[in-house]
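The entries below record what I looked up.

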Amino acid sequence: MAQQPIDPNVAISELGQIKLGETDLSGVLTQVSELARRTIPGAEEVSVTLIKREGAHTAAFSGEMALRLDELQYEHGEGPCLEAARDAAVVSVPDMSEEARWPQWAAEAVHGGAHSSLSIGFPIQESVLGALNIYGAEVGAFDDDAVTLAQTFAGYAAVALANAHLYDATATLAAQMQLAMQSRAVIEQAKGIIMGERRCTPDEAFAVLAKVSQDSNRKLREVAAALVERATQPPSLKRDRGGLGNLP
């Protein structure tokens with residue numbers, strides 16, 4: 001039997017306190033599904049379905065029953081969570097034993113302990129669709145208030161997904177920029193070393209690095225870093241590394 005639901009206001013407050021910097025997308029959706037299970041009256045287990053170009057999968061689930069019933073739908077290519085996601089609709093199955101749209105799946109659901117279900121679809125991006133799926137152990141487990149709460153959680157799941165995609169994109173861009181700055185710094189250091197040794201111009205020093213990079217089939221940054229490392233070692237430890245000791 002489903003446990004006594006917690007106060008929806010408390011649950012929504014907890015939703016707002018989820019920090020993307022402290023968890024990944026899977027972690028966010030797991031928290032959404034778990035809070036939905038604890039909050040929506042009649043909810044026994046909850047899952048989140050995502051549909052991408054490569055197909056549908058369950059991104060988060062609060063129990064094995066939800067995962068199994070989701071995956072049965074993916075195998076057959078039909079079911080309430082798929083219909084809800086594809087149409088951004090509310091799809092209710094109040095009594096599995098009387099379900100005529102997906103009788104085979106409904107029979108499996110009854111066998112697994114689910115006697116009703118509610119799926120709330122939500123679009124995420126043009127290429128990604130989602131659905132919040134709530135499974136009930138009783139017939140007619142979800143009334144109008146439960147549907148309203150489920151829609152609230154589905155809306156948060158959509159926002160969390162959008163924010164997670166943005167967060168990941170921003171973090172990736174920041175990491176790329178940091179790497180680019182580090183690469184530029186070490187290349188400038190290496191150019192300075194070559195200029196001091198060869199009494200040449202910055203362009204000539206860069207050409208030397210580029211030639212070593214090409215001849216040794218190594219990235220320019222790796223060549224520069226090896227040269228800087230060699231230059232900072234005591235004379236007794238300096239070695240020829242990748243042809244750097246015999247720069248042309």
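**Conventions.** I worked from a predicted model, in which local features need pLDDT of at least 70, side-chain atom pairs count only at pLDDT 80 or more, and totals for chains, interfaces and linings use all residues. Residues are numbered from 1 along each chain as its sequence is written, and side-chain values use heavy atoms, with hydrogens and water left out. I took helices (H or I, at least four residues) and strands (E, at least two) as DSSP runs numbered from the N terminus.

**The sheet.** I first asked in what order the strands of the sheet stand. I found 5 strands in an open sheet, ordered β2-β1-β5-β4-β3, with antiparallel pairing. I counted two strands as paired if DSSP finds at least two bridges between them. The twist from one strand to the next averages 20°; for angles, I used axes that are lines fitted to C-alpha atoms, for helices over the stretch in contact, with values from 0 to 180 degrees between N-to-C directions.

**Strand β5.** I then looked at β5 (residues 128-136), where 8 of the 9 residues are buried, buried meaning under 20% relative accessible area, exposed over 50% and partly exposed in between (1.4 Å probe, protein chains only). Strand β1 (residues 45-52) pairs with β5 in the antiparallel sense over 7 bridges, and V46 has I134 of β5 as its bridge partner. Strand β4 (residues 116-125) is also antiparallel to β5, over 9 bridges, with P123 opposite L129. I noted that β4 and β5 form a hairpin with 2 residues between them.

Strands β3 and β4 run antiparallel and are joined by 4 bridges; V91 stands opposite S119 in β4. Helix α2 (residues 25-39) packs on the sheet and touches β1 and β2, its direction making about 140° with that of β1. Helix α3 also packs on the sheet, touching β1, β2 and β5, at about 35° to the direction of β1. I took contact as heavy atoms within 4.5 Å.

**Helices α3 and α5.** How do α3 and α5 pack, and at what angle? I found α3 (residues 64-76) and α5 (residues 103-112) at about 165°, with axes 10 Å apart. This makes α3 roughly antiparallel to α5, since angles over 145 degrees count as roughly antiparallel, under 35 as roughly parallel, 65 to 115 as roughly perpendicular and the rest as oblique. The contact involves M65, R68, L69, L72, Q73 and H76 of α3 with Q104, W105, E108, A109 and G112 of α5.

**Helix α4.** In α4 (residues 80-87), I recorded P80, C81, L82, A84 and A85 as buried. The helix is followed by A88, which has a positive phi near 50°.

Is S213 buried or exposed? It lies in helix α7 (residues 202-216) and is buried, with a relative accessible area of 11%. Not counting residues up to four places away in sequence, S213 touches R218, K219, L220 and V223. S97, by contrast, is exposed at 60% and sits in the loop between β3 and α5.
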